[in-house]
Amino acid sequence: MIKCQRCGIRQAIILQQHTGLALCKQCFIEDIVERVRREVKRWNMVNPNDNVLLAVSGGKDSFVLLDIMSMIHDPSKQVALSIVEGVEGYNREEDIEKMRKYARERGIDFIKVSFKEFIGASLDELVTRSWEKGLNISPCTYCGTLRRRIMNYYARILGMDKLATAHNLDDEVQTLLLNIVRADRMRLIQSHPKAPVLSDRIVRKIKPLRKVYEWETVMYSYIKGFRFQETECKYIYLRPTLRAKIREYLYRLESEKPGSLLRLLETMDNMLEKIVDIHQNLPKLPLCKKCGEPTSYGRELCKVCELLEKIGLG
């Protein structure tokens, strides 16, 4: 029996590739919680009196976010929000109810909302309309744009100080490289934990799990007994995206050189911090002339209104 290299007492069952340590279940969980706590403190993500909206689905990352945030921040100051996109075979009621149960067990209120309720159409309906009009728009574009709008809307109307998403390390580094490849300077700045909030109508977004590997959220969930939603969205394989290609490259890199993703994000955090500090006084974002929500500089319509207009729902 190999003993845990952290406590030296219990049996090791997990090899943490990026540290080379063999860990027992308890020490593995403690390591994840401590890393999240440290990241939250480092970037001052949450203050003691902050009200936080947790954006959760039925997945592993959402469960880990919910579980750890209930440990490191007052549960009575948190609300979990689950968004039903409306994808046949993917959004299952039992997965949502499972997340509701886990939230309430931890003293966190739970809210469910759907695309259908928010804009009058499910993601399946949006995609069908888009195809019928011959538009070359990825389903992921509709989904991501609307999810961001809904999360921010509810965080704002509920009076939340922060909006926490369950993006893990893999997600963060993929986004980082994607923005570098696209030479998108503003999105690089906005991805940093200290990014300026450019509108009074935007609630600051935080990512407590940004230094936790995806495989670690899988193991954390299994150890804790959470059986997460394993069904993937049917649209994910429909059209290969640049993100998907970057994801495959990063998987190979991490396999050959464990710890690469952590080192890359740490390096970019340090480099971007100086640039972000310079951009703290950027002008406020303009408001969409149609819905009144913030939009990008130089635009009259926000992305949501633009997408909906193209398919006749504007």
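Two strands count as paired here if DSSP finds at least two bridges between them. With that in hand, have a look at this predicted model: five strands line up in an open sheet, in the order β5-β4-β3-β6-β7, with parallel pairing. β5 (109-114) and β7 (204-206) sit at the edges with a single partner strand each, so one side of each has no neighbour in the sheet. From one strand to the next, the twist averages 30 degrees.

**Strand β3 and its partners**
- β3 is mostly covered, with five of its five residues buried.
- That goes for both faces: V52, L54 and V56 are buried on one side, and L53 and A55 on the other.
- On to its pairings: β3 and β4 run parallel and are joined by five bridges, with V52 standing opposite Q78 in β4.
- To get from β3 to β4, the chain passes through α2, and this β-α-β crossover is right-handed.
- β3 also pairs with β6 in the parallel sense, over three bridges, and here V52 stands opposite K162 in β6.

**Out to β7**
- β6 (residues 162-164) and β7 pair in the parallel sense over three bridges.
- In this pair, A164 stands opposite I206 in β7.

**Helices packed on the sheet**
- Helix α2 (residues 60-72) packs on the sheet and touches β3 (52-56), β4 (78-84) and β6. The direction of α2 makes about 155 degrees with that of β3.
- Helix α6 (residues 139-157) packs on the sheet too, touching β3, β4, β5, β6 and β7. The direction of α6 makes about 150 degrees with that of β4.

Notes: Residues numbered from 1 in each chain as written. Predicted model: local features only at pLDDT ≥ 70, side-chain atom pairs only at ≥ 80, totals over all residues. Heavy atoms only, no water. Helix = DSSP H or I, 4+ residues; strand = E, 2+ residues; numbered from the N terminus. Axes fitted to C-alpha atoms, helices over the stretch in contact; angles between N-to-C directions. Contact = heavy atoms within 4.5 Å. Buried < 20%, exposed > 50% of the residue type's maximum accessible area, 1.4 Å probe, protein only. Right-handed = clockwise from strand over helix to strand, strands pointing away.
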